[in-house]
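Open the model in your viewer and keep the selection tool at hand. This tour goes stop by stop.

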Amino acid sequence: MVSSDVWGEDAARDYDEASAGMFAPEVLDPAVELLAALAGDGRALELAVGTGRVAVPLARRGVDVTGVELSGAMAARLRAKGAHDPAAASVDVVLGDMATTRVPGEFSLVYLVFNTVTNLLEQDEQVECFCNAARHLAPGGAFVVEVGVPDLQRLPPGERARPFSVGADHLGFDVYDLVAQRLVSHHYRFGADGRVAAGRSRHRYAWPAEYDLMARIAGLRLEHRWADWSRAEFTADSRSHVSLWRKPA
């Protein structure tokens, strides 16, 4: 077991609704388009597949998708979708962690989306995740990670907290531990009935250069880094990145 939070029944039940913005076509479609192109005629492996936000539409594109998921509750939500969605039913889900769980066979594409690599709270575990991805890749295969850029440059001097969402129905802020290179994301969601649901998650953040070093340890080489799934240029002002590392052919 890696040092990652395990999402329980309550989080799994509400995940799709709480993350509704990530299901919007303008957000999801470019990710699926790029991942489908990278998978080609081969198999794709999603680490931390969750409820299948990306895996299901990718399977709908005809890609053979397998997912690894640590949370049994999240995996159950994905499997339940298979009762009325053939694409969801086609996604094979393996219970396990993203750093050590091995799935039989080789894949053209392994990918991690929506900051999930940061759920691994130790550097060694993140390195092992890159190594695990490399072990699954066929020669010439691609490992793709979508993750945020640490927001440290926007922290006021002496402060540790940074808001990332301020809206009528959701407030969110990160509290940074600059020594341990970790943060805790706090979420407060306001229901129509006036009730407030609070939640938090722990993360280990890293700079793009550190991820590149992890990839080199795993035998992968950086091929592309974009600011988002639409392949916009990555700059010093980018708040996130989509990085592609390639396994030598």
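**First stop: alanine 48**

Select alanine 48: its relative accessible area is 19%, so it is buried (under 20% relative accessible area is buried, over 50% exposed, in between partly exposed; 1.4 Å probe, protein chains only). This is a predicted model: local features need pLDDT of at least 70, side-chain atom pairs count only at pLDDT 80 or more, and totals for chains, interfaces and linings use all residues. Residues are numbered from 1 along each chain as its sequence is written, and side-chain values use heavy atoms, with hydrogens and water left out.

Alanine 48 sits in the loop between strand E1 (43-47) and H3. Helices (H or I, at least four residues) and strands (E, at least two) are DSSP runs, numbered from the N terminus. Check the backbone: phi of alanine 48 is positive, about 60 degrees, although the residue is not a glycine.

**Next: glutamine 181**

Move to the loop between strand E7 (170-177) and strand E8 (182-190), where glutamine 181 lies. Its phi is also positive, near 60 degrees, in a residue other than glycine. Is glutamine 181 buried or partly exposed? Its relative accessibility is 21%, so it counts as partly exposed.

**Into the core**

Now select Leu35, Leu58, Val65, Leu109, Tyr111, Val144 and Trp229. Of the 32 residues in the largest nonpolar core, these touch the most other members. A nonpolar core is a set of buried Ala, Val, Leu, Ile, Met, Phe, Trp, Tyr and Cys residues joined through side-chain atoms within 4.5 Å. Several elements each supply at least two residues, among them helix H4 (72-81), strand E5 (137-148) and strand E11 (240-246). H2 gives the largest share, eight residues.

Zoom in on valine 65. Beyond its neighbours within four places in sequence, its contacts include Ala44, Leu58, Ser90 and Tyr111 (contact means heavy atoms within 4.5 Å).

**Asparagine 119**

Go to the loop between strand E4 (107-112) and helix H6 (123-136) to find asparagine 119. It counts as buried because its relative accessibility is 16%. Not counting residues up to four places away in sequence, asparagine 119 touches Ser3, Ser4, Met98, Arg202 and His203.

**Zoom out**

Show the whole chain. It has seven helices and 11 strands. Its C-alpha atoms fill a box of roughly 50 × 40 × 35 Å along the principal axes. Of the 249 residues, 49% count as buried.
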